[in-house]
Structure formats: structure tokens, C-alpha cells
Amino acid sequence: MSRRVVARGREALRAGVYGSAFLRTAIKTGLLAASAKVRYGTNVYERDWDVLVVLDTCRYDAFAEVAPEFDFLADAAYDSIRSVGSATAEWGANTFVGEYREEIAETAYVTANGTPQWTMQGERDQFNKILTDYVDWGMVSPEEFLRLDGVWEYAPHEPFGGLTLPAAVTDRAIAAHRELEPDRLIAHYMPPHAPYRAGALAQNRPLRDYERDPWEALRSGTDREVVWAAYLDEIRWALEHVETLLRNVDADSVVITADHGDLFGEWGLYAHPSGIPHPKLRTVPWVRTTARNVEDREPRLSAEEDYERQATDQLEKLGYL
């Protein structure tokens, strides 16, 4: 039955009915329920890796377009996997599950996105209420990780969208690797998640309309290539910090991936709604490389309570509330 729900939902989306609020809720409910039962896609814990770099909302085709510009990826092995979610909450709910409890217990998870942590704690406002009451996702708790470092709670945020800067994730990931020597390290960066702020930060200017809200810009007729170019700049920004991370940890197996992608008008949809099976949302990088520590970065950021930010503010900036 779950597979039929997925198929019918896909047909309805292609017919354009997702624009109706009632049908949108009904379709998302069915697709998310199917996701919890079927869990189509590849859980990252099914694969071997020492360090997993997660770029939030990074499509495989976009990554492949930008990656050749970076020398540290010259010898990388390029592949893709099908994500277990089309939004971070769904990805987290289908990734950090009891089946992989032993592996999670040896994982240091450093994240700029608070959504997986909130979902583990049962605060799932971004999910349909019906699902949170009647679907058991089987997630572990935050305490079951070797370390779950919610960098989004205390790190400095950029001024435009209020999102955690990638340098903060790099600092805390390096620190976790050196302090804990974990079997597995996950570094979850926010770029290329909208708003697109790399250009504004580099040029010390305000955000342009298509950078602040790329989805509304596309709906209003902005050239897709303009928005796409800004999206690629966000990936470049993230990879600059990933390069620093991989110069400061030792790992024979490093994988760069994403929790999900983004839609730029495919099926009439934008961004990354939950429960959507579109391949541009679900096909994410699985790029394998290595890391060698040359110790050219000394982490400066520590988890001080003085920097604490409210999680609701962060989730609002991400568009989940």
C-alpha cells in the first residue's frame, strides 16, 4: 500500500494539484507515512566512511558542475545515492534510527542545522501533526551519539539569514576529531541552503531579492540561470571550508554528500518540501576522497552558553516553521 501512495502522490504532483493547500497536506501526509514505512533510499550508515561531510540542499548535478574547480577534489571518486528524505527533518528521521544505534554511538555529529536534533527530541512541528502522533520513526536520542554538537545553538550567525557560518562547523569538527578520535565524524554545513549570501558577504553588500528568496524570485519570472549561479556560489563557499577541514583531520575514507537537493521549478515545485520523490531532490552526491592533517587550522570556537540562540529562530530562517 505504501508504494501505491508514493505512485499516486507522484502522479498528483505532476498534474499540478500540489498548489492546493488541502491536497498538498494530504499528499505530504501519504508520502511521509510511506517514507517512514518503506524508507526508500540509502541510509549513510549502510556505507563505509570515516568522515561524512553533509552539504545542506546540495543537488548532485550542481555539485558536479562546481567540484572540478577545486584541486582537493581532483582525485575524488564521483558517485551519487538516493537520499532517504527530501527535507532535513525527513532525512534525519530516516537516518538516525535504532537499526544503526551501535554506529551512532561512535559518531561525533557536528551540525549547523538544528532540525535533526529537534526531530530526535520529538519536537516535530515541521512534520504533519498526524504523522508525529501515529508514525514511529524509530529515531535514537541525541544522548546516544558519541557527541552531538549543535553548532547552530551558540555559534556566530551571518547577518542576512541568521544561519550558522561554515567556518564554525569546520572549527568544531576539527576540535571533535582531535579531542575524541571518533570512529565516525559527520560535519553538517548549511550552504547551499537559501538564502544565498555568499556573494553579499564577499562583496559587503545587502542581499539581492533573488538571493534573499530565490523561490519567490523564480515564481516571479527571474531568470533561472541567475538564481542557479547564486546557488553554485553557495556550494563553492561551502567547499572552501570543507577543504580546510580535510587539511586538518586524518581519514582514509571521506565522503561528501547532502541530506537532500532543491527544486528549481521541476514539477512546478521549489525548494525542498517533505516527502517528495523527485530525483533532483533525492539524488545527492556521494563523492569519496581522503583527508590528511597538516595542522594549519587551530579551532577558535568553543561551545559557550553565552552564544546560545533560540532554536525556533533558526528553524524559522530555514523555512520549517
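Which helix gives the most to the lining of the second largest pocket? I started there, working on a predicted model.

**Entry 1: the second largest pocket**

H12 gives the most, with 8 residues. I noted that H12 spans residues 224–246. Helix H9 (198–203) and helix H10 (209–212) also supply at least two residues each. The pocket holds about 190 Å³ of space. I found 18 lining residues. Nearest the centre of the pocket lie Ala198, Gly199, Ala230, Asp233 and Glu234. I then sorted the lining by class. It has 8 nonpolar, 2 polar and 8 charged residues.

**Entry 2: H12 against H8**

I stayed with H12 and looked up its packing with H8. Helix H8 covers residues 166–180. The two helices pack at an angle of about 20°, and their axes are 9 Å apart. Angles under 35 degrees count as roughly parallel, so H8 is roughly parallel to H12. Their crossing is right-handed. Which residues make the contact? From H8 I listed Pro166, Ala167, Thr170, Ala173 and Ile174. From H12 I listed Trp237, His241, Thr244 and Leu245. By class, this contact has 6 nonpolar and 3 polar residues, and no charged ones.

Glu181 sits in the loop between them. Glu181 is not a glycine, yet its phi is positive, at about 50°.

I moved on to the loop between S5 and H9. Strand S5 runs over 184–189. Where are the cis peptide bonds? One joins Pro191 and Pro192, with omega about 15°. Another joins Ala194 and Pro195, with omega about 5°. Pro192 lies in the loop between S5 and H9, and Pro195 is found in that loop too. H9 takes me back to the pocket of Entry 1, where H9 supplies at least two lining residues.

**Entry 3: the cavity**

About 40 Å³ of space lies in the largest cavity. I wrote down its lining: Thr42, Asn43, Val44, Ile81, Ser83, Val84, Trp91, Thr95, Thr257, Ala258 and Val284. The lining of this cavity divides into 6 nonpolar and 5 polar residues, with no charged ones. The lining of the second largest pocket, by contrast, has 8 charged residues.

Key:
Residues numbered from 1 in each chain as written. Predicted model: local features only at pLDDT ≥ 70, side-chain atom pairs only at ≥ 80, totals over all residues. Heavy atoms only, no water. Axes fitted to C-alpha atoms, helices over the stretch in contact; angles between N-to-C directions. Helix = DSSP H or I, 4+ residues; strand = E, 2+ residues; numbered from the N terminus. Parallel < 35°, antiparallel > 145°, perpendicular 65-115°, else oblique. Left-handed = near helix turned anticlockwise from the far one by under 90°. Contact = heavy atoms within 4.5 Å. Nonpolar A, V, L, I, M, F, W, Y, C, P; charged D, E, K, R; others polar. 1 Å grid on protein atoms, 1.4 Å probe; cavity = no way out; pocket = protein on both sides within 12 Å on 5 of 7 lines; lining within 4 Å. Points joined across faces, edges and corners; volume = space filled by probe spheres on them.
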